[in-house]
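Colleague: Please take a close look at one part of this model for me, with the cut-offs spelled out.

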Amino acid sequence: MPEDRPHDGDDFQLVTRTGDLERTQYGIPLAVLAELTHRCPLQCPYCSNPLELEAASGELTTAEWLHVIDELAEIGVLQIHFSGGEPTVRKDLVALVARATEVGLYSNLITSAVMLTRDKLAALADAGLNHVQISFQGAEPVVADRVGGFRNGHAKKLAAARWTRELDLPLTINAVMHRQNLHQLPDIIDMAVALDADRLEVANVQYYGWALKNRQALMPTVAQLEQTTRLVTAAQQRLNAVLVIDYVIPDYYASRPKQCMGGWGRQFFNISPAGKVLPCHAAETITGLSFESVRDHSLDWIWNHSAAFNRYRGTDWMPEPCLSCAHKEEDFGGCRCQAFALTGDAGNTDPACALSPMHGRIFALAETESGADRNAFLYRNFSGGLPETD
Ligand code: SF4
Ligand code: SF4
């Protein structure tokens with residue numbers, strides 16, 4: 001479930017190996033987002049999956065995923081995040097989790113949870129699943145089921161979250177926030193506490209893919225965002241010993257870019273349902289780069305030698321103002337996908353940075369769009385999107 005980033009991509013925690021030497025000049029690939037499928041019963045208008053979704057017939061087979069999992073362990077990956085689409089639509093999920101456990105990978109299930117049953121979750125726990133992350137679209141069914149485009153989804157998520165804790169699995173709640181549900185954040189925080197979650201990700205939508213298409217309907221106002229920041233800061237202090245709250249603001253309102261994916265090709269990669277290996281889940285939005293497949297090359301070769309992974313690694317590729325900036329080893333110039341989406345060139349400084357010549361423009365654009373009276377969504381689906389009707 002890519003809300004997280006999400007499924008918004010930047011939506012999970014890295015475990016680091018202290019004292020471990022870097023095995024390559026680029027670093028160790030610590031974690032992989034395994035997008036098992038693009039199939040999903042929900043239709044979130046901010047889904048981070050590409051606009052052209054992969055059909056089931058193109059997905060890697062069970063044997064291919066099992067081989068990939070073995071390779072992950074061989075190259076030193078520590079964590080596998082099973083995602084999608086909705087990973088539980090794959091009938092082989094328990095077998096894949098079991099193989100991840102067998103080869104020593106920490107496994108996380110990133111799910112919308114609407115297809116989980118208690119038995120299915122128990123089978124995953126028995127197979128060694130280490131963690132569950134469930135996305136919520138709101139604090140109650142009216143808003144949540146409308147945003148996800150799925151009736152009774154909210155109630156199913158609540159049940160799955162309770163089973164998760166009954167089975168003694170750690171739980172993260174991923175709340176993807178935007179103009180049309182930010183007013184429910186206080187109740188979402190209370191819900192996370194009541195569900196005994198370990199972590200709550202307050203993930204404001206980032207605008208790639210489907211979210212870019214729905215930007216006018218999703219962009220929060222400056223006032224909303226300031227209020228949210230105050231609310232989250234107070235909740236972080238109040239719930240210090242109870243709930244970890246992560247908070248990501250929309251890049252359009254930031255003054256420094258985020259260290260996207262920990263830097264291009266430094267710690268993380270993504271495997272698409274068809275086996276393409278990507279430096280981040282949105283990388284296929286960058287036209288002009290071609291991405292290698294696990295069907296044609298080993299993961300070791302792709303990580304170390306593929307042109308796409310090497311294109312924006314390190315700092316040598318950077319333009320000014322990044323090249324002579326004191327922060328270039330901290331944020332690596334921000335997000336390549338966002339630079340491409342907003343400037344047409346993935347090699348530009350991320351416009352989220354106040355030093356980018358484009359920054360003023362995207363801030364003004366966000367302010368304008370946040371005041372738009374377009375609230376209807378274009379729902380994500382396999383045929384290019386479904387306009388919301390009354
Ligand atoms: S439609 Fe929603 S639940 Fe499904 S994969 Fe996309 S963001 Fe996740
Ligand atoms: S100029 Fe580049 S390196 Fe410096 S803060 Fe902005 S994005 Fe980061």
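Modeller: The shell around ligand 2 divides into six nonpolar, four polar and four charged residues. Nonpolar means Ala, Val, Leu, Ile, Met, Phe, Trp, Tyr, Cys or Pro; charged means Asp, Glu, Lys or Arg; the others, Gly among them, are polar. Of these 14 residues, Cys 322, Cys 325, His 327, Lys 328 and Cys 353 come nearest (near: C-beta atom, placed from the backbone, within 6 Å).

This is a predicted model: local features need pLDDT of at least 70, side-chain atom pairs count only at pLDDT 80 or more, and totals for chains, interfaces and linings use all residues. Residues are numbered from 1 along each chain as its sequence is written, while chains are lettered from A and ligands numbered from 1 in the order written.

Now strand β1, residues 31-35. Helices (H or I, at least four residues) and strands (E, at least two) are DSSP runs, numbered from the N terminus. Five of the five β1 residues are buried, so the rest of the structure largely encloses β1. Buried means 20 or more other C-beta atoms within 10 Å of the residue's own, exposed 12 or fewer, partly exposed in between, with C-beta atoms placed from the backbone. Ala 31, Leu 33 and Glu 35 point one way; Val 32 and Ala 34 point the other.

β1 runs parallel to β2 (residues 79-83), joined by five bridges. Strands pair if DSSP finds at least two bridges between them. Glu 35 stands opposite Ser 83. β1 also pairs with β8 (residues 268-271), parallel, over four bridges. There, Val 32 has Phe 269 as bridge partner.
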